[in-house]
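Visitor: Could you walk me through this model, feature by feature?
Guide: Happy to; let's get it on screen.

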Amino acid sequence: MESKWRKIWGLIGLLLLNFVNNVSSLSLTITKVDCVYEIVRSEGDIVSGNFVVVDHHIFWSSDHPGIDFSITSPGGGILHNLKGTSGDKFSFKAPRSGLYQFCFHNPLSTPETIAFYIHIGHIPNEHNLAKNEHLDPIIVKIAELREALEAVTTEQKYLKARDAVHRRTNESTKTRVIGYTVGEYILLTIASVLQVVYIRRLFSKSVGYNRI
């Protein structure tokens, strides 16, 4: 019995270690084309992630072409392709093991900073586990729960990144509004002072003519 639980905890530790090793969070500066390469070790692994162009709400005009994003399998097939986007989520089941390519294309010469997050999840089956009718279902359930938790974490990271972009946009807008308001007050003050000076000159000229 003790040996069984030792094996269970050992496999749980390996699963958690595998979870940590298969998570990547990157910040990329894209000038033209930049690619990230990730190795998927088993067919059927779940590859998920998201990306957001940082500060696009501030610097992009309404006619900005956006960023292109594509995912290429080891065999050269396009699994995911987006055109003219500022960010999105992706998730797919790997059709085969091997090196997968995640590429960003910036159509303009202005560098763009992208927050990129990717996770490769693996749920073992009965062929890669020890032949134990009680142990197999436990490990599979743990892996499934781990992947469900990772899906929630991925969604939270994506929403957090989007929220950070919106917050920076709001702060920038607030700063510009305050600047415009202060500028208006300064212009109104200058205009008021000029009006007072002009009226005083008119009165002084009028008094001078009356004396004559």
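We go from the overall layout to a sheet, then to the core and its rings, and end with an annotated segment.

Guide: Some ground rules before we start. This is a predicted model, so local features need pLDDT of at least 70 and side-chain atom pairs count only at pLDDT 80 or more, while totals for chains, interfaces and linings use all residues. Residues are numbered from 1 along each chain as its sequence is written, and side-chain values use heavy atoms, with hydrogens and water left out.

Visitor: How many helices and strands does the protein have?
Guide: Helices (H or I, at least four residues) and strands (E, at least two) are DSSP runs, numbered from the N terminus. Here there are three helices and eight strands, running α-β-β-β-α-β-β-β-β-β-α from the N terminus on.

Visitor: Which residues of the largest nonpolar core touch the most other members?
Guide: First the terms: a nonpolar core is a set of buried Ala, Val, Leu, Ile, Met, Phe, Trp, Tyr and Cys residues joined through side-chain atoms within 4.5 Å. Buried means under 20% relative accessible area, exposed over 50%, partly exposed in between (1.4 Å probe, protein chains only). Of the 22 residues in this core, Val-47, Phe-69, Phe-90, Phe-102, Phe-104, Ile-114 and Phe-116 touch the most other members. E8 gives the most to the core, with four residues.

Visitor: And how do I read the aromatic pairs?
Guide: A pair of aromatic rings is described by the distance of the centres and the angle of the planes. Rings of Phe, Tyr and Trp (its six-membered ring) pair if their centres lie within 6.5 Å; planes under 30 degrees apart count as stacked, over 60 as edge-to-face and the rest as tilted. The structure holds ten such pairs. Phe-90 and Phe-102 have ring centres 5.8 Å apart and planes at 35°, so their pair is tilted. Phe-90 sits in strand E6 (residues 87–93) and Phe-102 in strand E7 (residues 98–105), so the pair ties together parts twelve residues apart in sequence. Phe-102 also forms a tilted pair with Phe-116, 6.1 Å centre to centre and 50° between the planes.

Visitor: Is Phe-102 buried or exposed?
Guide: At 1% relative accessibility, Phe-102 counts as buried.

Visitor: Which residues does UniProt list as "transmembrane region"?
Guide: The unreviewed UniProt entry lists 177–199; such annotations may be inferred rather than shown by experiment, with positions given in the numbering used here and feature names shortened. In the model, residues 177–199 are 100% helix and 0% strand, with the end C-alpha atoms 33 Å apart.
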